[in-house]
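Please keep the structure open while reading.

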Amino acid sequence: AAAAATALGRTYGEEMAVAIAGEGVPPPVRLSARAVVDWMDSAGYGAKLTSNGEGPAVIEIHNCVYRELSLSSPDIVCSLDKGMLCGMLGVDAQAHTQTHSLSAGDTFCRHEFRL
């Protein structure tokens, strides 16, 4: 189920990247970390870009929009988000590391991406 959620999230993320970039930008679209965070923040995630421009791009999420579901099925919800973020950024799952998770009791989710 987690692998299916990752694949579904990636497809959604790729579609969102195209929608955000607008017409005329040929796929594959790779959004900047700032563009992803701006979209996530407008969608209610309470997202912040916390990297300083060196090393990995770090996205923190302070509000899980799937909070209730993530408490009962964290593997599926976190996999969906991972896929979505990777799809929007245009990176493989191997370029992603999640170090903190709201569903695990942390105060935020922390995603690192090697772009």
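Predicted model: local features only at pLDDT ≥ 70, side-chain atom pairs only at ≥ 80, totals over all residues.

## Helices α2 and α4

Helix α2 (residues 33–42) packs against helix α4 (residues 74–89). The angle is about 135 degrees, and the axes lie 9 Å apart. Angles over 145 degrees would count as roughly antiparallel, and 65 to 115 as roughly perpendicular. α2 and α4 are therefore oblique to each other. Their crossing is right-handed.

From α2, the contact uses A33, V36, W39 and M40. From α4, M84, L85, M88 and L89 take part. By class, this α2–α4 contact has eight nonpolar residues, no polar and no charged.

## Helices α1 and α4

Helix α1 (residues 2–21) also meets α4. Here the axes come within 6 Å and cross at roughly 35 degrees. The crossing of α1 and α4 is right-handed.

On the α1 side, the contact residues are A2, A5, T6, L8, G9, R10, Y12, G13, E14, M16, A17 and I20. On the α4 side they are D75, I76, S79, L80, G83, M84, C86, G87 and M88. This α1–α4 contact divides into twelve nonpolar, six polar and three charged residues.

## H96 in strand β3

H96 sits in strand β3 (residues 96–100). Is H96 buried or exposed? The cut-off for buried is under 20% relative accessible area. H96 has 10% relative accessibility, so H96 counts as buried.

The H96 side chain makes a polar contact with the side chain of H111, at 2.7 Å. Leaving aside residues up to four places away in sequence, H96 touches K82, C86, H111, E112, F113 and R114.

Technical notes
Residues numbered from 1 in each chain as written. Heavy atoms only, no water. Axes fitted to C-alpha atoms, helices over the stretch in contact; angles between N-to-C directions. Helix = DSSP H or I, 4+ residues; strand = E, 2+ residues; numbered from the N terminus. Parallel < 35°, antiparallel > 145°, perpendicular 65-115°, else oblique. Left-handed = near helix turned anticlockwise from the far one by under 90°. Contact = heavy atoms within 4.5 Å. Nonpolar A, V, L, I, M, F, W, Y, C, P; charged D, E, K, R; others polar. Buried < 20%, exposed > 50% of the residue type's maximum accessible area, 1.4 Å probe, protein only. Polar contact = N/O pair within 3.5 Å; in protein donor to acceptor, adjacent residues only side chain to side chain.
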